[in-house]
Amino acid sequence: MIDYRSDTVTKPSKAMQEAMFSAPVGDDVFGEDPSINELEKNAAAIFGMEAALFCPSGTMTNQIAIKCHTQPGDEVICDVTSHIYQYEGGGIAANSGAQVKLIHGDRGRITAEQVRESINADDVHKARTTLVSLENTSNRGGGSCYDLAEIKKIRAVCDEHNLALHLDGARLFNALVAKGESPEDYGKTFHSISICLSKSLGCPVGSLVMGSKDFIRKARRVRKAFGGGMRQAGYLAAAGIYALKNNVERLTEDHQHAKLLAEALSKKDFVETVLPVETNIVIFSVGGRFTPQSLVAKLKEQNVYWYSISPTQVRIVTHLDVTPDMIEKTINAINDL
Ligand SMILES: *Cc1c(COP(=O)(O)O)cnc(C)c1O
């Protein structure tokens, strides 16, 4: 089985498993799990931020951040395709009692100008705008990356209007590796950053949210209220420590693989457009001889798993369990279609 449905399908490697099974652990709700403490310290240091909090999922880290940055009735500015709005079960409303102002960005990326235009006036009729949330890389944008210069402009607009700036960085390391950017620059520019260890970094479970000490103190309380306080979860954190050390640089390989698949696809008559491939995601639209569903079914006969994400589009995600040999087999399967 060659599985491109998501970069969440990876299984922990032997070396990662060994790190997990030999992890020192303790009760993390008491702050006594050495592996979690080490992971949180390492992650915060990578981004030059004060503190970090280990959570079961990226949805939880985003939802905690939104809850910490807003009050009920507030408005959150984000792109219409963003995960926090589309794929977190209505959590912004359910958990924080906040509403959204949706921006139609370019492949998931919004501009400082769009943010400025979306901030509500200080007027009793309007919701209070308090938070801007960006996504990098953008999942529905086909793994597109922001320009750090634009993010800095967005931060300047946020500072002018006293807004918090959060980053859903589920795949932030893909962006950092693709653009050769430094994590510290991101740490300086956002009030909070959430990263997933269970996406392209190959961990079975886990995400982190980072911010100032005050923010993380608040976030820890919200995590408890959300039911996310775990006990000897150092076994999971050990996978994260291993991944941050060993699985970041290699992301370039996934990006090369995605480009090779996109190249093969772009030569096919039934492929209408392929979104520019910047990282490990390929999104393309299908027409003519195939529908997304029939194409996915056809590939499945060869044990190749793709994912149809809309009535016209298919998504392929490369990851560390996809080998060069599997890429070659997939390209042959594409050529034979
Ligand atoms: C996967 C993902 C998340 C978090 O998902 P979980 O499955 O809850 O870990 C958040 N944002 C983006 C952009 C994602 O792709």
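Predicted model: local features only at pLDDT ≥ 70, side-chain atom pairs only at ≥ 80, totals over all residues.

Mentor: Domain 1 and domain 2 bury about 1,600 Å² between them, with 55% of that on carbon and sulfur atoms. Buried area here is the accessible area (1.4 Å probe) that two parts lose on being put together, summed over both.

Trainee: Where do the domains run?

Mentor: Domain 1 is 10-246 and domain 2 is 250-335; the bounds come from an automatic or database domain assignment. Their C-alpha centres lie 28 Å apart.

Trainee: And how many residues are in contact?

Mentor: 22 residues of domain 1 with 18 residues of domain 2, contact being heavy atoms within 4.5 Å.

Trainee: How many salt bridges between domain 1 and domain 2?

Mentor: Two, where a salt bridge is a side-chain nitrogen of Lys or Arg within 4 Å of a carboxyl oxygen of Asp or Glu. Separately, Glu 278 forms a salt bridge with Arg 109, and the closest N and O atoms are 3.7 Å apart.

Trainee: Which helix gives the most to the side of domain 1 that touches domain 2?

Mentor: Helix α8 (residues 172-179), with five residues. Helices (H or I, at least four residues) and strands (E, at least two) are DSSP runs, numbered from the N terminus.

Trainee: Switching topic: what surrounds the ligand?

Mentor: Among the residues around the ligand are Ser 57, Gly 58, Thr 59, His 83, Glu 135, Asp 168 and Lys 199, each having a heavy atom within 4 Å of it. A polar side-chain atom of Thr 59 lies 2.6 Å from a ligand oxygen. A nitrogen atom of the ligand is 2.6 Å from an N or O atom in the side chain of Asp 168.

Trainee: Which peptide bond is cis?

Mentor: The one from Asn 136 to Thr 137, with omega near -5°. Thr 137 is in the loop between β5 (128-135) and α7 (148-161).

Trainee: What about the phi of Arg 107?

Mentor: Positive, about 45°, although Arg 107 is not a glycine. Arg 107 lies in the loop between β4 (99-103) and α6 (112-118).

Definitions and conventions. Residues numbered from 1 in each chain as written. Heavy atoms only, no water. Polar contact = N/O pair within 3.5 Å; in protein donor to acceptor, adjacent residues only side chain to side chain.
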